[in-house]
Structures are given as C-alpha cells and as structure tokens.
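User: Please take a close look at one part of this model and then relate it to the rest of the chain.
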Amino acid sequence: MNNSAWDLTQYDALSFWDFCITQFSKAIDSAKHPFHIANVSTVTSNGSPQTRSVVLRQFNETTREFTFHTDLRSPKIKDLQHCKNLCLHWYDSLARVQIRLNALATTHNQNERAKQAWHDSRDSSLACYGTPNPPGAHMDQFPPAPLIPKADDPKGFSQFVVVACHFEELEILTLHATGHQRVSLSVKHDPVSWSIIAP
Ligand SMILES: Cc1cc2nc3c(=O)[nH]c(=O)nc-3n(C[C@H](O)[C@H](O)[C@H](O)COP(=O)(O)O)c2cc1C
C-alpha cells in the first residue's frame with residue numbers, strides 16, 4: 001500500500017471509514033497485510049502495561065469489533081480479568097501509517113462463539129492450545145512443536161479463548177513530507193465523524 005492512499009485530504013469521515021473497513025478486512029484475509037498482526041496492550045494487576053503481537057482473526061464493521069485467539073492460561077487473560085480495557089496498535093512502515101484504538105474486551109471460552117472459531121481454525125493453530133506447559137512457564141529446554149490435536153480431544157478446546165475487542169474510536173496518524181495528518185475517527189454512531197488533531 002503506498003503512502004498516497006493514506007493522504008487524508010482526499011476523504012471525508014465516511015469515505016475514510018469505508019477505506020479503513022477495506023483495509024481491516026484485507027488484513028484478516030492475508031497474512032501479508034501489514035495489519036494482519038496487531039500489537040495488543042493490556043494492564044497487569046500491578047498497573048504496568050504489557051504488549052504483545054497477536055494475529056487478527058475477525059473484523060466486524062457492524063459491531064466495531066476485532067477478535068484474536070489466545071490460551072486461557074496466558075498472562076494476558078489474567079490482565080483482562082483485572083481490567084477489560086486494551087489497546088490495539090499497528091504501524092505500516094511502507095505506507096507510514098500508525099493506527100491505534102482503545103477497546104473493551106470480552107472473552108469467550110467453551111461457549112458457542114469459541115466453538116465456532118475453533119471449528120473455523122486451522123489444525124496447526126489449534127495445536128498451540130493443548131500444550132502441557134502453560135504459556136509463560138519456565139522450562140529446562142525448548143519444547144518441540146506441539147502436536148496437531150485429535151478431533152475428539154477436548155483439552156485444547158477447553159483452553160481456547162476468543163477475545164473480542166469492541167471499539168468506538170480510532171486514531172490515525174499518517175506521515176507525509178508535505179505535513180503529517182492525524183485524525184480521531186469516531187465510529188460510535190452513524191454517521192461516523194472525525195476531528196483533525198495536531199500530529
Ligand atoms: C507474529 C506473532 C503472532 C502471534 N500471535 C498470537 C496470537 O494470535 N495469540 C496469542 O495468544 N499469542 C500470539 N503470539 C504470542 C504473543 O505475542 C505472546 O508472546 C504470548 O501470547 C504470551 O503473551 P502474554 O504472556 O502477554 O499472555 C504471537 C507472537 C508473534 C510473534
């Protein structure tokens with residue numbers, strides 16, 4: 001994606017949201033898209049921030065929601081039990097675009113939504129959830145690649161979590177030699193609106 005597509009002077013709030021919808025939808029479908037991986041920050045119970053990369057699994061423009069998958073035993077789940085607020089962040093170095101948004105997380109484990117996502121996922125992705133050692137456990141040596149779970153093995157599924165991230169506002173910064181552009185795009189109500197802010 002070249003930088004000129006991110007020249008915000010060619011959009012109004014609605015056409016820019018449409019452009020973002022297209023980009024996020026492509027990001028879900030293609031591992032090569034710069035937004036396929038997001039940086040997700042949570043707040044730990046002692047109040048310090050913690051950031052990690054995750055693969056985006058779904059984007060729903062109607063409910064204003066991203067989802068990613070994780071392990072019930074991972075520290076980020078403990079963070080979300082303590083504080084449901086998280087921050088998603090992306091930077092596309094070719095397009096020179098930063099996007100960040102605050103979201104409210106809902107976790108889905110052993111329910112219909114988790115079941116659907118489990119069935120829609122590749123075996124190689126599901127293998128991560130049945131590991132004997134929880135994410136973050138200290139070990140004597142590097143573990144082998146996890147085995148693909150058997151179709152009737154309930155262990156992986158019991159540790160599989162869909163994290164749904166609902167957002168109402170996005171902040172976009174695009175870098176240009178002619179002047180950087182930064183907006184806050186509110187998608188809480190239809191029609192969406194934006195305000196220009198100092199970069
Ligand atoms: C490219 C990439 C993609 C990743 N995708 C995920 C993911 O979708 N879900 C996940 O739980 N961890 C994912 N990880 C691992 C996390 O970044 C992190 O190391 C792990 O989940 C432990 O995080 P926590 O200790 O903060 O819970 C990914 C790591 C990389 C480098």
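Leaving aside its neighbours within four places in sequence, which residues is Thr67 in contact with?

Analyst: Thr67 is in contact with Val55, Leu56, Arg57, Gln58, Arg113, Val162, Val163 and Ala164, once neighbours within four places in sequence are left aside; contact means heavy atoms within 4.5 Å. The model is predicted, so local features need pLDDT of at least 70 and side-chain atom pairs count only at pLDDT 80 or more, while totals for chains, interfaces and linings use all residues. Residues are numbered from 1 along each chain as its sequence is written, and side-chain values use heavy atoms, with hydrogens and water left out.

Thr67 sits in strand β3. Strands (E, at least two residues) and helices (H or I, at least four) are DSSP runs numbered from the N terminus. With a relative accessible area of 2%, Thr67 is buried; buried means under 20%, exposed over 50%, and partly exposed in between (1.4 Å probe, protein chains only).

Glu65 also lies in strand β3. Its relative accessible area is 14%, so Glu65 is buried. Not counting residues up to four places away in sequence, Glu65 touches Gln58, Phe59, Asn60, Arg113, Ala164, Cys165, His166 and Phe167. Asn102 is 37 residues from Glu65 along the chain, and their C-alpha atoms are separated by 11 Å.

β2 (49-60), β3 (65-71) and α2 (75-82) each supply at least two residues of the shell, and β2 gives the most, with four residues. The ligand is surrounded by Ile37, Arg52, Ser53, Val54, Val55, His69, Thr70, Ser74, Pro75 and Lys76, where a residue is near the ligand if one of its heavy atoms lies within 4 Å. The shell divides into four nonpolar, four polar and two charged residues; Ala, Val, Leu, Ile, Met, Phe, Trp, Tyr, Cys and Pro count as nonpolar, Asp, Glu, Lys and Arg as charged, and the others, Gly among them, as polar.

One of its oxygen atoms is 2.8 Å from a polar backbone atom of Ser53, and a nitrogen atom is 2.8 Å from a polar backbone atom of His69. An oxygen atom of the ligand is 2.7 Å from an N or O atom in the side chain of Lys76. The protein covers 59% of the 620 Å² of accessible area that the ligand has on its own (Shrake-Rupley method, 1.4 Å probe; for residues, only the protein chains shown count as cover).

The nonpolar packing comes next. The largest nonpolar core has 42 residues, of which Trp6, Phe16, Trp17, Leu86, Trp90 and Leu170 touch the most other members; such a core is a set of buried Ala, Val, Leu, Ile, Met, Phe, Trp, Tyr and Cys residues joined through side-chain atoms within 4.5 Å. Helix α1 (residues 13-29) provides the largest share of this core, nine residues. Leu86, leaving aside neighbours within four places in sequence, is in contact with Val40, Ser41, Thr42, Phe68, Leu80, Leu101, Asn102, Ala103, Ala105, Val163 and Cys165. A second, separate core of eight residues includes Leu126, Phe157, Phe160 and Val162.

Some backbone features remain. Most residues other than glycine have a negative phi, and most peptide bonds are trans. Arg96, in the loop between β4 (85-92) and β5 (97-109), has a positive phi of about 60° although it is not a glycine. Arg96 is partly exposed, with a relative accessible area of 33%. Gln110, in the loop between β5 and α3 (112-120), has a positive phi of about 55° and is likewise not a glycine. A cis peptide bond, with omega about -5°, joins Asp190 and Pro191. Pro191 lies in the loop between β8 and β9 (193-196).

Methods: A polar contact is a pair of N or O atoms within 3.5 Å; within protein, one must be able to donate a hydrogen and the other to accept it, and residues adjacent in sequence count only if both atoms are side-chain atoms.
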